Structures are given as structure tokens and as C-alpha cells.
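Please read the following report alongside the sequence and the three-dimensional view.

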Amino acid sequence: MDGGRIDAGVGEPVNRGSAKGVRRVVLGVLLAAGTCLSASACAAPTRGALWATIATCLDPGVADYCGRCATPLVETTCGQGRGCGETTEVWAETREYVAIRDSKMCGCPGEFVHGLAIPRTQVTGVEDPGRPDGIWQFAWNAGRQRIGDETDLALAVNPRRLRSQDQLHVHIVRLLPGARARLAGLAVARVPSLGEVWHAAARSAASAGMKEYGVLVARDPEGGFLVRVEEGSPEKMYTRYRCR
């Protein structure tokens, strides 16, 4: 991978010739996570702002890229010398998915990690029947590159009513201290592989009568993975999603 990026090991790696598609996604993902990196980026927020941004801002080859793009990729000419909150950093990419640094990392100590993994096709979120099973393994692989201890690593997707954009994005974060003890006392599904997360989450939500729900994934100490569904935000309930 160029620019220090990794191939997170799910799907075909993206080469330099296909990086254009990734650049069409990155800033939109930041917006999907509710991140406003400039006044122009959030002047008229809508739940479809992500795709509008993808269409107009993320190709460095277009005319006047530096004038049109509020948060250029760090490796571009206009990205160099800008602060963390004014640039986009890609962590990992394949033809199907991309992982980037969330702007919540800006100004935080080095051990703090918060990334986002998203599909490179339009998928609204947890409720979308087209949600890809492979995104969980991709996100986990990307997270392992940033968080060495897998017992600390967590993945989270928020429910529709608690997200700002209708493009699926998986948060790559650390568990809060004490989160495992809390989970031990709650109903969780156990799956042997990350490819089964969506199915396990849907079954758990149906059993609990949840029409909208978020999903938390963590390593099961006994093997495989734990899947917890919540009507609230699992990102905020169980993970260190901010450093302050």
C-alpha cells in the first residue's frame, strides 16, 4: 500500500491506480460519523451529505481540487502542512472497504485510537439488507494494526436515529475499563467468526423486540466474538470513543 497504508486483508487490495475510488469516500465518511471539519463541510447537513461530498470533493485529479476540498488527503500537496482536523488519513483499503482516522483523534495522546471502516458501495446502515458481512473482518484487521491487544479492541455501529448520515460506518475503538465486566452480566450472542455478526445481531434484536438497534463486537475470551445489541449507542456505552 502507498503512503504507509495497510491492506486489511478482506477483499482485493487497492493499488495506486484504483486509489481514486477510496479518495471519493474518505471525507464523506467523516461526515457520516457526524464530524464537521470546516464550516463549508457542514453548512447544510443532510443525511445524504456523504454522497454529495463523494461526488464533488474527493478526487485530487479534478480541477481546483485544493480549492474545492475542505479536508484534503494528507499526501496531497494541499494536505501537507495542515493540521489533523483539516486532513484525511487512510489507514487501510481494499476494493470493497476503506478505513480512516476519525477526527476525534485530533489533539489526543498517541495511545488513543478511533477509526472508521466503511463499504465503498452505498449502504445506509445496520437496517440495510445489503449490509456487507465482510466489513466486520476488515474493520477488525484494521483495528489490530492500531490496537495491539485484541481484548481491548471493539467495533461499534450506532442505530439509525443516533447517526447523522445514512452511510454505514463501523467505529474502531478501545473498550472502556470495566466494559467486559458489564458485558459478562448481559445477554450477548457468541459467534465463531465475524462473518456471522449481522445475523446474530438481527436475531438478538428480534428476540428483544428492538426495531432499531446498534451493534457492539468484542473478542470472546472463550474463543470467537461477542455481539451485543443496544437501542442506544454502543459506541458511547462501551467504548472510549473520545479521549477527553
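## The chain as a whole

In the protein chain, 63% of the contacts with a separation of 6 or more are between residues 24 or more positions apart; a contact means heavy atoms within 4.5 Å. This is a predicted model, in which local features need pLDDT of at least 70, side-chain atom pairs count only at pLDDT 80 or more, and totals for chains, interfaces and linings use all residues. Residues are numbered from 1 along each chain as its sequence is written, and side-chain values use heavy atoms, with hydrogens and water left out.

The secondary structure comprises 8 helices and 8 strands. These elements are DSSP runs numbered from the N terminus, helices being H or I with at least four residues and strands E with at least two. Of the 244 residues in the protein chain, 52% count as buried. Buried denotes under 20% relative accessible area, exposed over 50%, and partly exposed in between, with a 1.4 Å probe and protein chains only.

Two strands pair if DSSP finds at least two bridges between them.

Strands β1 and β2 form a hairpin, with 3 residues between them.

## Aromatic pairs

How many aromatic pairs does the structure hold? There are 3 aromatic pairs. Rings of Phe, Tyr and Trp (its six-membered ring) pair if their centres lie within 6.5 Å; planes under 30 degrees apart count as stacked, over 60 as edge-to-face and the rest as tilted.

One of these pairs is Y97 with F138, which is tilted, at 5.4 Å centre to centre and 35 degrees between the planes. Because Y97 lies in strand β2 and F138 in helix α5 (residues 134-146), the pair ties together parts that are 41 residues apart in sequence. Y97 is buried at a relative accessible area of 6%, and F138 is buried at 0%.

The rings of W136 and W198 form an edge-to-face pair, because their centres are 5.1 Å apart and their planes stand at 65 degrees. W136 lies in helix α5 and W198 in helix α7 (residues 197-208), so this pair ties together parts that are 62 residues apart in sequence. Both W136 and W198 are buried.
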